[in-house]
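Trainee: I have a structure open and I'd like to learn how to read it. Could we go through it together?

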Amino acid sequence: MAKDIEISASESKFILEALRQNYRLDGRSFDQFRDVKITFGKEYGDVSVEMGNTKVHCRISCQIAQPYEDRPFEGLFVISTEISPMAGSQFENGNITGEDEILCSRIIEKSVRRSGALDVEGLCIVAGSKCWAVRADVHFLDCDGGFIDASCIAVMTALMHFKKPDITVHGEQIIVHPVNEREPVPLGILHIPICVTFSFFNPQDTEENIKGETNSEISIIDATLKEELLRDGVLTVTLNKNREVVQVSKAGGLPMDALTLMKCCHEAYAIIEKLTDQILQLLKEDSEKRNKYAAMLTSENARES
Amino acid sequence: MSIQAEIGMLDHVDGSSQFISQDTKIICSVTGPIEPKARQELPTQLALEIIVRPAKGVATTREKVLEDKLRAVLTPLITRYCYPRQLCQITCQILESGEDESEFSLRELSCCINAAFLGLVDAGIAMNSMCASIPIAIVKDSNEIIVNPTAEQLRISLSVHTLALEFVDGGKVVKNVLLLDSNGDFSEDQLFNLLELGEKKCQELVRRLREIIQDNISPRLVA
C-alpha cells in the first residue's frame, strides 16, 4: 500500500524552529539551489541529473508517425513522467492520480511542451502524412524533493543532447539513414526553460495562513523532501535566459503579495542563468568528447574573429 | 565476463543496486517487508510485487513477460515463510537496454536478475541461496556459443538463451537451474554444451557477485 511518509512531531518542530533561526538541515542558505550534477549516457538523449539525493534520469527517443489531422505541419512531442516505487514507497506503481504526480507532470508539460521549447514544426517530414514523434521518458530514481526542478533540467538537457537520424525525402518516399551512415541531426531548441521552486513557511499562528497580512513568511529555494512535507505554500516559476517568465504556478497555500513574487522571480533568474551556462558548457564538453577528430578533420580555415 | 555493480546508491528504499554489463545498464530497488494491499497479501508467505520499466516508452506486454520470468527466478531464492502477510516491492528500471528491444530481451532479463539479487541482499531480505544469470547466443555460420553477446552478435545469432542458476555453499555448488529460456533454432547437443559452458561462466559471475557484496558490506560492519 502506498503510504504517505509521516514526519514525527518533534522532527517537524525542530525543522521549523531551525528555519525561524535562519538554518536549514543541510546547511544551505535559504536562497541556495543544490549543486546540479549532470551526466550523459552512451547514447544521444540519455541524461541523468542529481541534485543532492534527488536522482532523475531522462531518455529521449523518436520514431516516425502520422501528425494530427488538424496540425499537419507539426511533429509530435510527448513527455512521460510516471513515478515508480523506486523513488520512495509513498509512490504506487501505475498510479498517476496522486496529487504530486499530476502537479509534476502538468508543470513540466506547461514549462517545456506548451512553452514551445522544442520546435515541433521542424519535426515535420511530409506535411499531413509523416512526422517525427519525439518522446521524453522521465524516470524518477530517488526522491529527496525538487522533482519538478530536476526533471525540467533533465528533459531540457536531454532534448539538447539528443540527435535524430538524418532522412532524405523523395516525394512520398523517405529514407532514414542509420547513425553510422550519416551524422544524425540535433533537434531544434527555441529556448531553455528552467524551473525554480520556492517553498514558504508560516512562522506565526494558523490565522496568518488564511489572512496573510503580515507577509512575514519564510521563503526557501529548492526544498528537500522533509521541507516539502512541512511547507505551507509552494511556488514554481519557470524562466529562460531571455528573461522571459514561461509560467508561474502557485496552487493555493500561504497567501503572498506581488512584491514577493517579483523578488522570487529575480532570485530565480540568477539561478537559471547559472544553470543554463552549466548545461551548455557540459553539452559542449560532451560533444567534443564524442567527436574528437572533428577539429582535426575540418576543412574550415582558421578565422580571425 | 566483465561487469560493474554498485550497491545501496538510493536513499529512500531499503535496498538498491546498479548492474552494468557491456551496454546494458539496470538500476533496481527493493522495498520490504512492508504492509501489502489486501489483494496482494498471502496468509503464510511474503508476497512479491515485481515491476520492470523500460528505458523508452511505456511498459508493454514485453515488460510483463520479463516481470513474470523474474518472479519465477526470485520466488525460490527468497525465504518467504519468514515474512507472512508482508510485501516486498522489487522495481527494475532499465536505463540502457544494450540490445534491439523489438527483437530481444535476454540481456535485459539476465541483468535484471543479477541486479534484483544484489538489491535483495542490500535490503537484508532473508534468502535461501545465491543466483547468477547470463545471456548466451549461438551465432550463425560458426555455431560458436557466445556468453554475454553484444548487440551485434545477437543480430547474427541463430538462437538466444538466458540461463539462471542457483548456488549454495558459498557459491561453489550448483543446486538448481532456475531459468533456461531459449529462443530460436538449436539442437539438443548444442543445448547441453551451452549448459556446460554456462555453468562455468555463472560460477565465475557468482564469485564476482560475492566479491562485490563483500566490498560493499564489510565497511558497514562494526568490528
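This is a predicted model: local features need pLDDT of at least 70, side-chain atom pairs count only at pLDDT 80 or more; totals for chains, interfaces and linings use all residues.

Trainee: How many helices and strands does chain B have?

Mentor: Helices (H or I, at least four residues) and strands (E, at least two) are DSSP runs, numbered from the N terminus. Chain B has four helices and nine strands. Starting at the N terminus, their order is β-β-β-β-α-β-α-β-β-α-β-β-α.

Trainee: What radius of gyration does chain B have, and what would a compact globule have?

Mentor: The radius is taken over C-alpha atoms, and the globule rule is 2.2 Å times the number of residues to the power 0.38. For 223 residues that rule puts a compact globule near 17 Å, and chain B agrees, with 17 Å. Along the principal axes, the C-alpha atoms of chain B fill a box of roughly 55 × 40 × 30 Å.

Trainee: Now helix pairs. At what angle do α1(B) and α2(B) cross?

Mentor: Axes are lines fitted to C-alpha atoms, for helices over the stretch in contact, and angles run from 0 to 180 degrees between N-to-C directions. In chain B, the axes of α1 (residues 61–74) and α2 (residues 106–123) come within 10 Å and cross at roughly 45°. Angles under 35 degrees count as roughly parallel, over 145 as roughly antiparallel, 65 to 115 as roughly perpendicular and the rest as oblique. So α1(B) and α2(B) are oblique to each other.

Trainee: Which residues of α1(B) and α2(B) meet?

Mentor: Two residues are in contact if their C-beta atoms, placed from the backbone, lie within 7 Å. On the α1(B) side you'll find Leu66(B), Lys69(B), Leu70(B), Val73(B) and Leu74(B), meeting Glu108(B), Leu109(B), Cys112(B), Ile113(B) and Ala116(B) of α2(B). By class, that contact has eight nonpolar, no polar and two charged residues. Here Ala, Val, Leu, Ile, Met, Phe, Trp, Tyr, Cys and Pro count as nonpolar, Asp, Glu, Lys and Arg as charged, and the others, Gly among them, as polar.

Trainee: And in chain A, how do α2(A) and α3(A) pack?

Mentor: Helix α2(A) (residues 99–113) and helix α3(A) (residues 147–161) have axes 10 Å apart, at an angle of about 40°. That makes α2(A) and α3(A) oblique to each other too. Their contact includes Ile107(A) from α2(A) and Val155(A) from α3(A). The contact of α2(A) with α3(A) has nine nonpolar, two polar and no charged residues.

Trainee: How many residues does each chain give to the contact between chain A and chain B?

Mentor: Chain B gives 23 residues and chain A gives 23 residues. On the chain B side, β3 (24–34), β4 (46–53) and β5 (86–96) each give two or more. The largest share of that side, five residues, comes from β5(B).

Trainee: What about the backbone: which peptide bond in chain B is cis?

Mentor: Most residues other than glycine have a negative phi, and most peptide bonds are trans. The bond joining Gly32(B) and Pro33(B) is cis, with omega about -10°. Pro33(B) sits in strand β3 of chain B. Asn143(B), not a glycine, has a positive phi of about 55°. Look for Asn143(B) in the loop between β6 (130–139) and β7 (145–147) of chain B.

Technical notes:
Residues are numbered from 1 along each chain as its sequence is written. Chains are lettered from A and ligands numbered from 1 in the order in which they are written.
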